[in-house]
Amino acid sequence: SKMSSPVNSAEDLSKQTKIKYGTYCCGSTNSFFKGSTIPTYTKLNAFMESAKPSVYTSGNSAGIDRVRKEDGLYAFFMEAAAIEYHIERKCDLKQLGGLLDSKGYGIALPKDSPYTGAISRGVIRLIETGVVTKLKKRWWEEMRGGGACKEGAGSGGDQMSVAALAGLYIMLIAGMVVAAMIAICEFTWRKRKLAVDENTSVTHEMWEELKFAINPFAGDTKPNPMLCDSQSASRASSKAMLS
């Protein structure tokens, strides 16, 4: 169930007793737990074996119905492919944790069948060309009600993404404003401290700095006004002396 759950994995499930859990009584998942030597899984199996009333079901459909009826107080172990199929159509269900085991499906043929090689090559080709993935997407997520639970979740995710993006832009703009204010304060302080002409306004100085910054022909070094005035005065003095 999509009700808030205190467990997020099989290990979490094994550490508590409030939430019951079970499997189809006579399926491969039940056999997996009975034959496992992993401590967590043996602990889960021992709990299921001793639980009263029984936590086993007569099939996967019965297990799913029990999960939905007990609203967060019962968990059901089943094949991952089947879980993925059902959570696409029953929006009050969700998968907890990852895979307990990783095994693929195969096509059974008689021993020494002449078709084994051809079928194996054909399956590999279908996997490599993406046909198997497309077929799974079609029958799991699109056909027969598939994808019904992604519409609401998708729109909500889009809204959250837009809100997060808007927040990011607001933070960026605020940072730019603060940086600009700091730059102006620093410029004003430096210009007043190192002022060449006390009568020159800060606005004028800022305008001159801006023109120098955007002028592509200004070079990398701004001329020193004091040095320029000194050189001008020297040239004027020289001319006066020669005249």
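Predicted model: local features only at pLDDT ≥ 70, side-chain atom pairs only at ≥ 80, totals over all residues.
Residues are numbered from 1 along each chain as its sequence is written, and side-chain values use heavy atoms, without hydrogens or water. Local features require pLDDT of at least 70 and side-chain atom pairs pLDDT 80 or more, whereas totals for chains, interfaces and linings use all residues.

**View 1. Aromatic cluster of Tyr21, Phe32, Phe33, Tyr41, Phe47 and Phe77.** These six-membered rings belong to one cluster.

**View 2. Arginine side chains over tyrosine rings.** Arg66 sits over the face of Tyr74, 4.3 Å from the ring centre. Arg89 is placed over the face of Tyr85 at 3.6 Å from the ring centre. The criterion requires NZ of Lys or CZ of Arg within 6 Å of the ring centre and within 35 degrees of the ring normal.

**View 3. The disulfide of Cys91 and Cys149.** The sulfur atoms lie 2.1 Å apart; the cut-off for a disulfide is within 2.5 Å, and the count is 1. The link is left-handed, with -100° about the S-S bond. Cys91 lies in the loop between α5 (80-87) and α6 (116-128), and Cys149 in helix α8 (residues 148-193), 58 residues apart. Helices are DSSP runs (H or I, at least four residues), numbered from the N terminus.

View 4. Cys149 is buried at 13% relative accessibility, while Cys91 is partly exposed at 37%. Cys26, at 57%, is exposed, as is Cys185, at 54%. Buried denotes under 20% relative accessible area, exposed over 50%, and partly exposed in between (1.4 Å probe, protein chains only).

Conventions:
Phe/Tyr/Trp six-rings, centres within 6.5 Å; stacked < 30°, edge-to-face > 60°. Helix = DSSP H or I, 4+ residues; strand = E, 2+ residues; numbered from the N terminus.
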